Amino acid sequence: MIIMESEGNEMARLTSIGFKDFQNLPLEDKRPYLENWNLPGTPYHTLIAQQFDRALLERLAALANRIRFINKSREGALYLKGLLAHKRAMLYFSQPSSRTFLSHLAACQILGLTTGSVRDAATSSEFKGESKEDSIRTFSSYFDMIIMRTPEKGLAEQMAWELSNSDRPIPIINAGSGKDQHPTQALLDVYTLLRSFETKGGLKNRTVTFCGDLLRGRTVRSLSYLLTNFENVRQVFVAPKELQVPEDVLDILKAKGVSYALSDNLREATSLSDAVYMTRIQDEWDKDKGESARIDTSKFKFGAEELKLLPKDGVIMHPLPRRDEIATCCDHDPRAMYWRQMRNGMWIRAALIAATFGYEREILGCGY
Ligand code: NCD
């Protein structure tokens, strides 16, 4: 029988601070408030990339590797399925999603969690005028974890605070909040980079180029931060000037002494990069309809020419969905990492969920 000492006592330190004070903290100072009270260094709520340092990233990557290995045999898969069979997770996605929704769902299934979902706020009682806070409290009556994606910046943070200060605290995983953060996408991106360069000297001294809509893409903000955990990783931002990376991202790089460059030349950047991270134009955020269509994005696409320029050990990544920013002729090149990236998402999310519930030892120490 598996009984965890911490079980039933999971709690984040969010109980010791008022919401406004918490909201106003610098991002890196939020980390201790989001950790599991009983498992120092382990996230309880996962809200922002600033919760992850290199040690935690490598720990989760190792756990994900273990899970994918154990899952290869029927016995191993059944063992994993037993670990969290007593837990239920709610997937609350009020913004479109395919991969993030499905990979979290699959991650829950690997660990045996039962799941429920709301994919459209209009089908819940919010439609009858119920506040989001009340809806979330309702979920916590029936579930043991909430995985949520919303168009509102900061909503997951507010909900995490509300839940931690309620009679039934349960963890929240932010699966994408507005234009702001997408911490679990950044985890799978780093996991993919770690695996890609594992036998080639690691992530140290690499150059990562981000290309596309860097202004409104939340995956870029989260991944740019996570990369600062690795020694001498240079970041290049290639975008039309209207969609260049925002100041807050650059301020973090400056404060950390990370070397970076802004450019509008994808070919040049590609020839100097170990990884090229393409993103789509996020036109759903257009303030005045059609504003993105008026921007010339023709130079910000990865095709046969760019492929020729990419170093032999380089990788092409994309959080997906893609439109035409990566030509399909690149899909079968061994350096195209976006399909593997998607599958990596399922394993690293399973690792995060297992760690959140305090089940690392059962995974790392089992005989499979
Ligand atoms: C990204 C997102 O939702 O921010 N997609 C994803 O989660 N895989 C990127 C995007 O929508 O362009």
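User: What makes the meeting of the side chains of Glu325 and His318 a polar contact?

Analyst: In this predicted model, the side chain of Glu325 and the side chain of His318 come to 2.7 Å of each other, and because a polar contact asks for a pair of N or O atoms within 3.5 Å, the pair is counted as one. The side chain of Glu325 also reaches the backbone nitrogen of Arg323, at 3.0 Å.

User: Where is the place of Glu325, and with which residues is Glu325 in contact, leaving aside its neighbours within four places in sequence?

Analyst: Glu325 sits in the loop between β11 (315-317) and α13 (338-356). With neighbours within four places in sequence left out, the residues in contact with Glu325 are Met278, Thr279, Arg280, Phe300, Lys301, Phe302 and His318.

User: What makes Lys301 and Asp324 a salt bridge?

Analyst: Their side chains meet at 3.1 Å, N to O, and because the limit is 4 Å, the pair counts as a salt bridge. Lys301 lies in the loop between β10 (275-278) and α12 and Asp324 in the loop between β11 and α13, so the pair ties together parts that are 23 residues apart in sequence.

User: Why is Asp213 called buried, and why does Arg216 count as buried?

Analyst: The relative accessible area of Asp213 is 0% and that of Arg216 is 6%, so both meet the condition of being under 20%. The side chains of these two residues, Asp213 and Arg216, meet in a salt bridge at 2.9 Å, N to O.

User: Why does the salt bridge of Arg267 and Glu306 tie together parts that are apart in sequence?

Analyst: The side chains of Arg267 and Glu306 meet at 2.9 Å, N to O. Arg267 belongs to helix α11 (residues 266-271) and Glu306 to helix α12 (residues 304-309), so the parts joined by the pair are 39 residues apart in sequence. Arg267 is partly exposed at 42%, whereas Glu306 is buried at 5%.

User: What makes Lys256 and Glu28 a salt bridge?

Analyst: The closest N and O atoms of Lys256 and Glu28 are 2.8 Å apart, and because the cut-off is 4 Å, the pair is a salt bridge. The structure holds 24 salt bridges, and Arg31, Glu35 and Asp53 are linked in a network of them.

User: How many residues of domain 1 and of domain 2 are in contact, and what area do domain 1 and domain 2 bury between them?

Analyst: Domain 1 (13-182 + 345-364) and domain 2 (183-281 + 297-343) meet through 36 residues of domain 1 and 28 residues of domain 2, and about 2800 Å² is buried between them, 58% of it on carbon and sulfur atoms. Leu57, Arg99 and His182 supply 25% of the area that domain 1 buries against domain 2, more than any other three residues. The count between the domains is one salt bridge and 21 residue pairs in polar contact.

Definitions and conventions:
Residues are numbered from 1 along each chain as its sequence is written. This is a predicted model: local features need pLDDT of at least 70, side-chain atom pairs count only at pLDDT 80 or more; totals for chains, interfaces and linings use all residues. Side-chain values use heavy atoms; hydrogens and water are left out. Helices (H or I, at least four residues) and strands (E, at least two) are DSSP runs, numbered from the N terminus. A polar contact is a pair of N or O atoms within 3.5 Å; within protein, one must be able to donate a hydrogen and the other to accept it, and residues adjacent in sequence count only if both atoms are side-chain atoms. Contact means heavy atoms within 4.5 Å. Domain bounds come from an automatic or database domain assignment. Buried area is the accessible area (1.4 Å probe) that two parts lose on being put together, summed over both. Buried means under 20% relative accessible area, exposed over 50%, partly exposed in between (1.4 Å probe, protein chains only).
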